[in-house]
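Open your viewer and get ready to select residues. This tour goes stop by stop, with a note on what to look for at each.

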Amino acid sequence: MSTPAGGSARGFTMPRPAAGQETSAGATAVTGAGRGQAGTVGQRTGPDPGEPGPAPPLPADATLQLAADEQARLIARILADLDRDFIGLAPVKDRVREIGALLLIDRLRGRYGLSSSRPSLHMCFTGSPGTGKTTLAARMGWLLRELGYLRKGQLVSVTRDDLVGQYVGHTAPKTKEVLKRAMGGVLLIDEAYYLYRPDNERDYGQESIEILLQFMEAHRDDLVVILAGYRPRMDVFFQSNPGMASRIGHHIDFPDFSIDELMQIAELMLEREEYELAPAARDAFREYIGLRMSQPRFANARSMRNAIDRLRLRQARRLVAAGGRIGRADLTALTAADVRGSRVFSDTLATPPVPPPPPGVPPVPVPQTAVP
Ligand SMILES: Nc1ncnc2c1ncn2[C@@H]1O[C@H](COP(=O)(O)OP(=O)(O)OP(=O)(O)O)[C@@H](O)[C@H]1O
Ligand SMILES: [Mg+2]
């Protein structure tokens with residue numbers, strides 16, 4: 001499975017830069033002896049033959065007005081968009097804020113002629129299914145392009161099968177072809193630990209890892225690699241692959257969502273799709289979330305997305321069965337009955353909670369329920 005997601009992921013609209021903000025370059029208000037020296041704070045990678053050369057370094061006593069800096073404003077806008085589009089995920093947003101601040105400060109250091117080497121932007125995203133790792137990787141590509149750190153910012157999302165071949169000589173061309181597609185953007189490797197199979201000596205995963213490492217080093221200015229997966233397995237993977245661990249500059253943990261956050265995520269998704277939960281339907285949906293969270297294969301925000309897809313099906317079936325005249329409000333309203341039509345409710349009724357066993361008696365195993 002390989003999905004090039006050109007800067008967008010389902011459920012999200014990538015904010016477009018406003019006119020005149022297509023590039024990250026911008027003048028910064030300068031005070032002190034350096035006043036009057038026009039300079040660009042942010043510059044896209046790669047020289048532009050039409051542009052004047054870099055401005056001379058500012059004198060040591062010059063000061064810069066952060067609030068007037070175009071790149072600082074751009075970062076603030078990007079972070080505000082992130083806050084609006086991603087519910088919860090406070091630690092993730094904090095890390096993105098830190099990365100944005102670092103990139104900004106590096107650019108400002110460059111204006112004084114201070115060394116400002118490009119920081120390592122390879123990352124590792126860990127968290128349970130459906131916590132937003134792929135969606136944030138797409139956003140990260142967009143963000144780094146806006147800030148001038150990536151040429152294109154596209155997301156190429158792959159798993160082991162896209163990188164590793166089954167026969168001698170197949171792995172290198174496969175991995176290189178994926179890397180070629182990802183150049184200028186973000187390569188997201190989902191469940192990256194499957195690349196490494198210590199139990200199988202003839203496994204070609206190691207070959208793929210070696211090539212990835214070479215590219216991560218040699219093309220660090222033109223490629224951001226994000227490894228994604230579940231934390232404990234990723235830790236084991238890094239222990240066995242110290243070369244990979246040392247090239248990852250940012251480890252970001254995606255926490256599970258609370259019921260309140262899942263409710264907000266569902267409402268955000270419904271708003272985007274122009275549906276509304278009637279008040280009784282909201283209560284029912286909250287109840288639904290509580291039940292669904294304790295069932296097998298619960299996948300955080302993705303389970304909300306799936307629940308909404310099925311909710312729309314039940315609404316459509318109800319409206320078509322009712323026949324007669326139909327208006328706009330009928331088409332947007334989701335009722336409590338639509339929500340309660342979910343198997344999550346009936347499965348719960350069918351399997352009443354098991355009473356606790358008397359002391360000393362082992363608990364009876366609970367049968368696994370199917371995905372609702
Ligand atoms: N914080 C959030 N706020 C709103 N919607 C979110 C958030 N996180 C994820 N989503 C939505 O949930 C769905 C699943 O997210 P995503 O695919 O990014 O999860 P993931 O962590 O990559 O899952 P997996 O580990 O299974 O690959 C997407 O539709 C995404 O838009
Ligand atoms: Mg994912």
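**Stop one: a helix**

Select helix H3, residues 133-146. Its 14 residues should span 20 Å at 1.5 Å a residue, and the end C-alpha atoms are 20 Å apart, which agrees. The expected span is 1.5 Å times one less than the number of residues. Helices (H or I, at least four residues) and strands (E, at least two) are DSSP runs, numbered from the N terminus.

This is a predicted model, where local features need pLDDT of at least 70, side-chain atom pairs count only at pLDDT 80 or more, and totals for chains, interfaces and linings use all residues. Residues are numbered from 1 along each chain as its sequence is written, while chains are lettered from A and ligands numbered from 1 in the order in which they are written.

Step just past H3 to Gly148, which has a positive phi of about 85 degrees.

**Stop two: a covered strand**

Select strand S6, residues 186-190. Five of its five residues are buried. In a regular strand the side chains alternate between the two faces of the sheet. On one side of S6 sit Val186, Leu188 and Asp190; on the other, Leu187 and Ile189.

**Stop three: the neighbours**

Which strand pairs with S6 over four bridges? Strand S5, residues 155-158, in the parallel sense. Two strands pair if DSSP finds at least two bridges between them. Click Leu155: its bridge partner in S6 is Val186.

Notes
A residue is buried if 20 or more other C-beta atoms lie within 10 Å of its own, exposed if 12 or fewer, and partly exposed in between; C-beta atoms are placed from the backbone.
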